[in-house]
Amino acid sequence: SNFAFSVPAQASIVCELDSINKYQNGSLEKCILGQNMNVQISSYKFGISNFPCQAKNYIFFDEKGQFQSCELSQTINIRRGNSVEICPAEYMIHVSIPEDGNLSIICQKLR
């Protein structure tokens, strides 16, 4: 049984029911994805960034409902100025958008 709802990342999330953790304010902290999901984040400096998240793994959000982290279902390219960093599938992606709008993306090996 799955549970779906919307987040500012413009997607409805399908969570495995017994995996849902919420903050005290009621917004989602984390859950295990019931299916692969593409999270889109728009920041005014970078336009839209897509993050393909892997089913059967946790997806994380901050208290404001902004997407924070997931395990990638496919490899993505991260633009860093004039260079491109490759973040492979099954790596963890950590995203934050500070007040200045600079999208911060960290790619981290899990195991």
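Me: Which residue lies over the face of Y58?
Reply: This is a predicted model, where local features need pLDDT of at least 70, side-chain atom pairs count only at pLDDT 80 or more, and totals for chains, interfaces and linings use all residues. Residues are numbered from 1 along each chain as its sequence is written, and side-chain values use heavy atoms, with hydrogens and water left out. A charge sits over a ring if NZ of Lys or CZ of Arg is within 6 Å of the ring centre and within 35 degrees of the ring normal. At 4.9 Å from the ring centre of Y58, the residue over the face is K30.

Me: Are the rings of Y58 and F60 stacked, edge-to-face or tilted?
Reply: Rings of Phe, Tyr and Trp (its six-membered ring) pair if their centres lie within 6.5 Å; planes under 30 degrees apart count as stacked, over 60 as edge-to-face and the rest as tilted. Here the centres are 5.9 Å apart and the planes at 35 degrees, so the pair of Y58 and F60 is tilted.

Me: Is C15 buried or exposed?
Reply: C15 forms a disulfide (cysteine sulfur atoms within 2.5 Å) with C31. Buried means under 20% relative accessible area, exposed over 50%, partly exposed in between (1.4 Å probe, protein chains only). At 0% relative accessibility, C15 is buried.

Me: Is the disulfide of C87 and C107 left-handed or right-handed?
Reply: The sulfur atoms of C87 and C107 are 2.1 Å apart. The torsion about their S-S bond is about 90 degrees, so the disulfide of C87 and C107 is right-handed.
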